[in-house]
Amino acid sequence: MSRKKSTRQLIGIDDIKNGSVVTADGELAFYFVHPSNLNVLPEQGVRAKVQVLLGVLKGMAELELLALDSKESFQDNRQFYRQRLEAEDMPAIRELLVQDRQHLDSVQTTMASSREFCFVLRRRKTDGTMNYASLEQQFRDCGFVVQRVEGQRLLELLAIYFEQDATHEVFSFVDGAQWLTAETEV
């Protein structure tokens, strides 16, 4: 009889620690990096930040950029408000729809201006030990805020990457663990 594989086995994850993902090839540590004051910098300042970031990326072959899209698209909502506005006859409801659409626009603008990058530091089993503090300091020296992804944020990141699911509030390390009780545990 064939044994079914777990989700972790299917996607090649041996273990999920608090701050990293262990695979057959090695360990992956995830970092969120935010540029400081990007919204207020002139175009030349933004270009300088990009060049500095490029220098850090070129200097570390083990560092990879992870492209994720965890932000919701507002296009369907915008179209809904437009259609409702065209169909609505009551002035008070029309005013509320206009206010809702303006609020949606402000939320979208805020989300678009808060940039966040995710980097993956890949340590292969054949590599020696990795100095995580050194990498973090390199980002800080270049004027970036860096934060290692751990715990629930790591699980959220994996959910966004594999499932495009940015809506859960809490993720468990064991799928279905919330349904286990003392009576059902073996």
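Student: What makes the pairing of the Ser20 and Glu27 side chains a polar contact?

Tutor: The distance joining the side chains of Ser20 and Glu27 is 2.7 Å. A polar contact is a pair of N or O atoms within 3.5 Å; within protein, one must be able to donate a hydrogen and the other to accept it, and residues adjacent in sequence count only if both atoms are side-chain atoms. So the pair of Ser20 and Glu27, at 2.7 Å, is called a polar contact. This is a predicted model: local features need pLDDT of at least 70, side-chain atom pairs count only at pLDDT 80 or more, and totals for chains, interfaces and linings use all residues. Residues are numbered from 1 along each chain as its sequence is written, and side-chain values use heavy atoms, with hydrogens and water left out.

Student: Why is Ser20 called buried?

Tutor: Its relative accessibility is 2%. Buried means under 20% relative accessible area, exposed over 50%, and partly exposed in between (1.4 Å probe, protein chains only). So Ser20 counts as buried. Ser20 sits in the loop between strand E1 (13-16) and strand E2 (21-23); strands are DSSP runs of E, at least two residues, and helices are runs of H or I, at least four, numbered from the N terminus.

Student: Which residues does Ser20 touch, leaving out those up to four places away in sequence?

Tutor: They are Asp15, Glu27, Leu28, Ala29, Arg148 and Leu154. Touching is contact: heavy atoms within 4.5 Å.

Student: What makes Glu43 and Arg47 a salt bridge?

Tutor: Their side chains meet at 2.6 Å, N to O. A salt bridge is a side-chain nitrogen of Lys or Arg within 4 Å of a carboxyl oxygen of Asp or Glu. So the Glu43 and Arg47 pair qualifies. Both residues lie in helix H2 (residues 43-59), 4 residues apart, about one turn of the helix. Glu43 is exposed at 56%, while Arg47 is partly exposed at 48%.

Student: How many salt bridges does the whole structure hold?

Tutor: The search finds 4. Arg82 and Glu86 make one of them, with the closest N and O atoms 3.3 Å apart. Arg82 and Glu86 are about one helical turn apart, because they stand 4 residues apart in helix H3 (residues 75-87). Glu88 and Arg84 also form a salt bridge, at 3.2 Å between the closest N and O atoms.

Student: Are Glu88 and Arg84 buried, partly exposed or exposed?

Tutor: Glu88 has 14% relative accessibility, so it is buried. Arg84 has 29%, so it is partly exposed.

Student: How many disulfides are there?

Tutor: The structure holds 0. A disulfide is a pair of cysteine sulfur atoms within 2.5 Å. Cys118 is buried at 4%, and Cys142 is partly exposed at 25%.

Student: How do you know how the span of H2 compares with the expected one?

Tutor: H2 has 17 residues and reaches 25 Å from its first C-alpha to its last. The expected span is 1.5 Å times one less than the number of residues.

Student: Why do we say that the buried residues of H2 line one face?

Tutor: The buried residues are Gly45, Lys49, Leu53 and Val56. Seen down the axis of H2, they fall within an arc of 75°, so they line one face of the helix. The arc is that of the directions from the helix axis to the C-beta atoms. The face turned away from the buried side carries the exposed residues Glu43, Gln44, Gln51 and Lys58.
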